[in-house]
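Subject: A structure for you to look at

Hi,

Here is the structure I promised to pass on. Could you open it and keep it on screen while you read the rest of this email?

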Amino acid sequence: MAPQSVAEVEALGRLCSPARGHLELKEYSVTEIINAGTGDRVCVDTCSNFFLDEGVLVGSFGGGFLLCCSETHPLPYMPTRPFRVNAGAVSSYILSSHDRTNYLSELRQGDTVIGVKVTGDTRPLVIGRAKIETRPLLLIKSRSTDGDTASVMLQNDWHVRVLGRAGAVHNITELKVGSKILGYTAASARHVGVAVDEYCLEQ
C-alpha cells in the first residue's frame, strides 16, 4: 500500500481493527433454581482482563443466553482472576460472535469469543485456556417480560456470578425467584452453531 494521506492510513487501521458491535440485552426474572447434581463445567480463561461490568453470554439452549460474570470482583478467600469466566456445563452454548455459538466443550486455546458489557457493547476475546473440571451444578431458569426464556447450568458455588442492570453482581447461590438478571435472545434453531430456518425443539 502506498498511502497518499493520513486519512488513508487511518482507514486501513479501522479495517484491521477487531470488529466490535452491540447486542440488545434485556432483563430476565429468575423463575426456578434447581440443584442439578454433579457434572463437568468449563472455566474460560481469556488473554484479556474483563471489565467489572463485562462477561460472556451462555445458555443451555440456542435461543436464550444469560450474562455470566467474570472473576473480576473481590472474594474473601481467593484472589481475583479477572481474565476468567466460570461459564457453565460442557453442553452449554456460548456466543462466540454476533451470529455464531459454540459449545463450551469445543473451545480451544486460540479460539475467539465475545466479551459483553451490561450496556450491550461487545469485543472479541482470545482464549488462552479452557479448563474442564467436575463440580456440583445449579440450574437457573428465567423468563423475560415478553415471554422469552433462558436457562443455564453453572457451578454451584458462591463465587460464580451473573450480571444485572447497571453492572449489579449476583452470586448465584444467593439468587431467588424473581431476581433480575441480564440476558440475550437469539435465533432458536442452530446447526453447528449457525442459525438456520427450520423446525428445532430443545427441551
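Below is what I found in it, going from the whole chain down to single residues.

First, a caution: this is a predicted model, so please read everything below with that in mind.

**The overall picture**

The protein has 203 residues, and 43% of them are buried. Its secondary structure comes to 1 helix and 14 strands. If you take the contacts with a separation of 6 or more, 65% of them are between residues 24 or more positions apart. As for the surface, the protein exposes about 10,200 Å², with carbon and sulfur atoms supplying 53% of that.

In soluble globular proteins, nonpolar side chains tend to be buried together. Here the largest nonpolar core has 27 residues, and the ones touching the most other members are Val58, Leu104, Leu154 and Ile172.

Setting aside residues up to four places away in sequence, leucine 104 touches Val42, Val44, Val58, Ala87, Gly88, Ala89, Val90, Ser92 and Ile94.

**Rings and charges**

How many aromatic pairs does a search of the whole structure find? The search gives 1. The pair is tyrosine 93 with tyrosine 103: their ring centres are 5.0 Å apart and their planes are at 20°, so the pair counts as stacked, given that stacked means planes under 30 degrees apart. Tyrosine 93 belongs to strand S5 (residues 93-97) and tyrosine 103 to strand S6 (residues 100-103), so the pair ties together parts that are 10 residues apart in sequence.

Are these two tyrosines buried or exposed? The cut-off for buried is under 20% relative accessible area. Tyrosine 93, at 10%, therefore counts as buried, while tyrosine 103, at 34%, counts as partly exposed.

Two charged residues also sit over rings. Lysine 117 lies over the face of phenylalanine 51, 4.5 Å from the ring centre. Arginine 161 lies over the face of tryptophan 158, at 5.2 Å from the ring centre.

**Some loop residues**

Now for the loops, beginning with the one between S3 and S4, where you'll find histidine 73. With 14% relative accessibility, histidine 73 counts as buried. A polar atom of its side chain lies 2.8 Å from the backbone oxygen of leucine 52, and a polar contact of 3.4 Å joins the side chains of histidine 73 and threonine 72. Not counting residues up to four places away in sequence, histidine 73 touches Leu52, Thr80, Arg161 and Val169. You'll remember Arg161 as the arginine over the tryptophan 158 ring.

The loop between S4 and S5 holds serine 92 and valine 90. Serine 92 is buried, with a relative accessible area of 1%, whereas valine 90 counts as partly exposed at 25% relative accessibility. Leaving aside neighbours within four places in sequence, serine 92 is in contact with Val58, Gly59, Asn102, Tyr103, Leu104 and Met153. With sequence neighbours up to four places away left out again, valine 90 touches Asp40, Arg41, Val42, Tyr103, Leu104, Ser105 and Ile132. Valine 90 and serine 60 are 30 residues apart along the chain, and their C-alpha atoms are separated by 9.7 Å.

Finally, have a look at threonine 119, in the loop between strand S7 (112-117) and S8. At 47% relative accessibility, threonine 119 counts as partly exposed. A polar contact of 3.2 Å joins its side chain to that of aspartate 121. Threonine 119 and glutamate 54 are 65 residues apart in sequence, yet 9.0 Å apart in space, C-alpha to C-alpha.

Best wishes

Conventions: Residues are numbered from 1 along each chain as its sequence is written. This is a predicted model: local features need pLDDT of at least 70, side-chain atom pairs count only at pLDDT 80 or more; totals for chains, interfaces and linings use all residues. Side-chain values use heavy atoms; hydrogens and water are left out. Rings of Phe, Tyr and Trp (its six-membered ring) pair if their centres lie within 6.5 Å; planes under 30 degrees apart count as stacked, over 60 as edge-to-face and the rest as tilted. Helices (H or I, at least four residues) and strands (E, at least two) are DSSP runs, numbered from the N terminus. Buried means under 20% relative accessible area, exposed over 50%, partly exposed in between (1.4 Å probe, protein chains only). A charge sits over a ring if NZ of Lys or CZ of Arg is within 6 Å of the ring centre and within 35 degrees of the ring normal. A nonpolar core is a set of buried Ala, Val, Leu, Ile, Met, Phe, Trp, Tyr and Cys residues joined through side-chain atoms within 4.5 Å. Contact means heavy atoms within 4.5 Å. A polar contact is a pair of N or O atoms within 3.5 Å; within protein, one must be able to donate a hydrogen and the other to accept it, and residues adjacent in sequence count only if both atoms are side-chain atoms. Accessible areas come from the Shrake-Rupley method with a 1.4 Å probe; for residues, only the protein chains shown count as cover.
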